[in-house]
Each structure stands twice: as C-alpha cells, then as structure tokens.
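Please keep the structure in view while reading.

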Amino acid sequence: MRDARAWTEHLRAHIPLALSGEDPEGVHQVRVAARRLRAYLDLMGFRVLQDDLKRLLRGTGRVRDLEVALAKETLPEGFRDFLKRELKKARARLPDLLASPWTEALLRALAALPPLGERTATRGLSRLAKRLQKRFRNLRENPSPEALHAYRRALRRLRYAKEFLGLSTREEKKLQEELGSFQDGMVLLGLLREYLLEVPDEEAAALAEALTAALQREPLEERAKRLAAFPMAPIRGKG
C-alpha cells in the first residue's frame, strides 16, 4: 500500500520558499510535487483534484519558464533585463495563488487521499501506458510541436506513476531529458519573440534565428521516428 502523504508534505514544505523568491528551486519543487500528485491520482483513477493541481501548475508556469531562461549564462543584456522585469511581475501574482485559502484547502484534501492498492495501481498504470501510446500515434501521424509536447507530458505522467510503484524508469528518464531540452528551447524562443515585439534588438534577433535553426535541424517527422526506437521499461515488475 502506498499513499500521497510524502508528496503532499513536500508540496506544503516548498510553498514558503516559492513565495519568498530566494531560490528558483522553490517554484520548481512545488511543480514537481504537483505533477507527482497528479500521477498518484492517475493511478487511483481519480478525477477529483486533477483540475486543482493543473491550476497550481499553470499558475506557477510563467515564473518557472522565466527562471529557467534566466539561468542561461549567455543572453543579450536587453533580453535579460526583460526577463527580470517579467519575472518580477509573475512573482507578484504568486501570493494570490499559493498563499490563498484555496491552496490550504487543496493541501488538506490531498492529505485525505486514500492509500493506493496493488490492483488499482496496475489498472492505473495500464491506462497511462495506453495514453502514451495514443499520444505517440498522434505525433507520428500529425507531427507538430503541440503533439510532441502532449507526448512529453504523457511520458512524464507514466514515469512518475512507475516511480511511485518502484518500477524502473531508466529509459523514460533518458527520453524525457531529450524532450525536455527541446521544450526548453521552444519556451526560450517564445520569450525572445515576446521581447522582440517590444524592442528591436539585433543581438536578440540573431539569437532567435539561431535557436529556430537549431530546433528545426531535426524535422518533427524524423524525431517521431527516432522516438519509436526508445525501448520503454516494462510496465509490470517490482511493486
């Protein structure tokens, strides 16, 4: 039997750090906990609280994207200043979410989730594996950044669910790292385009052009074919 207590406490423990802004790890760990808890709900077959955790992720996403971008060492100075201004604005909105009665009620509800039984977990894991297969078929048949992102999310949900059950996720981790690098590039490109709509900046424009070329170096069709070559670790095993 497993339960959600550890990740619920992890979420609660990192909310003050996320609100303080002292360390980017605060928001990051809030998001990690929220995703781990969504995977637990997936295994349980529960829809309840899924939308609440999604709201938490969406409400912290802008801050995380900006913090990841600012961690890059070489950025045009004007673009870096833009990211800092945007981060300040995004952080100013966090207390309305993380310090609200809604978040406290969510934490109490998560703490009351029942334990996960073996049979329920097996069924939940099978559903997640089928969802990943469906996302991959969509990607292969209609390659697009959106389809790739949907596949990446489904992969992450399956990986977290398997880790809850003590199953190997070595191959999923390797694949997730690769897809994560692509997504980080897409997010950075989006932020560059936001900035360039406000300010003509030759250095930032050159970076956007170079990043676009790098992201397009491998066509999505070829990327989809290569993804099919990744061996997924077995669904059944320890646990």
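This is a predicted model: local features need pLDDT of at least 70, side-chain atom pairs count only at pLDDT 80 or more; totals for chains, interfaces and linings use all residues.

The angle at which α3 packs against helix α4 (residues 77-92) is about 155°, and their axes lie 9 Å apart. The crossing in which α3 passes α4 is left-handed. On the α3 side, the contact is made by Arg62, Val63, Leu66, Glu67, Ala69 and Leu70. The partners contributed by α4 are Arg80, Leu83, Lys84, Glu86, Leu87, Ala90 and Arg91. Sorted by class, the residues of this contact between α3 and α4 comprise 7 nonpolar and 6 charged, with no polar residue.

Helix α3 also packs against α9. Here the axes come within 10 Å and cross at roughly 95°. The helices α3 and α9 are therefore roughly perpendicular to each other, since angles of 65 to 115 degrees fall in that class. In α3, the residues that meet α9 are Arg62, Asp65, Leu66, Val68 and Ala69. They face Asp184, Val187, Leu188, Leu191 and Glu194 in α9. The contact of α3 with α9 consists of 6 nonpolar and 4 charged residues, and no polar ones. Arg62, Leu66 and Ala69 of α3 take part in the contact with α4 and in the contact with α9.

A further helix pair is formed by α1 (residues 5-20) and α6 (residues 101-111), which pack at an angle of about 155° with their axes 9 Å apart. That angle makes α1 roughly antiparallel to α6. In passing α6, helix α1 makes a left-handed crossing. Thr8, Leu11, Arg12 and Ile15 of α1 meet Thr103, Glu104, Leu107, Arg108, Leu110 and Ala111 of α6. This contact of α1 with α6 includes 2 polar residues, alongside 5 nonpolar and 3 charged ones.

What is the volume of the largest pocket? The value is about 1300 Å³. The largest pocket is lined by 40 residues, and those closest to its centre are Arg31, Arg35, Arg152, Arg153 and Arg156. Two or more lining residues come from each of α2 (25-44), α3 (50-70), α7 (118-141), α8 (145-164) and α9 (170-198). Thus α3 and α9, the roughly perpendicular pair, both contribute to this lining. By class, the lining of the largest pocket holds 20 charged, 12 nonpolar and 8 polar residues.

Definitions and conventions. Residues are numbered from 1 along each chain as its sequence is written. Side-chain values use heavy atoms; hydrogens and water are left out. Axes are lines fitted to C-alpha atoms, for helices over the stretch in contact, and angles run from 0 to 180 degrees between N-to-C directions. Helices (H or I, at least four residues) and strands (E, at least two) are DSSP runs, numbered from the N terminus. Angles under 35 degrees count as roughly parallel, over 145 as roughly antiparallel, 65 to 115 as roughly perpendicular and the rest as oblique. A crossing is left-handed if the near helix is turned anticlockwise from the far one by less than a right angle, and right-handed if clockwise. Contact means heavy atoms within 4.5 Å. Ala, Val, Leu, Ile, Met, Phe, Trp, Tyr, Cys and Pro count as nonpolar, Asp, Glu, Lys and Arg as charged, and the others, Gly among them, as polar. On a 1 Å grid over the protein atoms alone, a cavity is a set of points where a 1.4 Å probe fits but cannot get out, and a pocket is an open set with protein on both sides within 12 Å along at least five of seven lines; lining residues have an atom within 4 Å of a point. Grid points are joined across faces, edges and corners, and a volume is the space filled by probe spheres set on the points.
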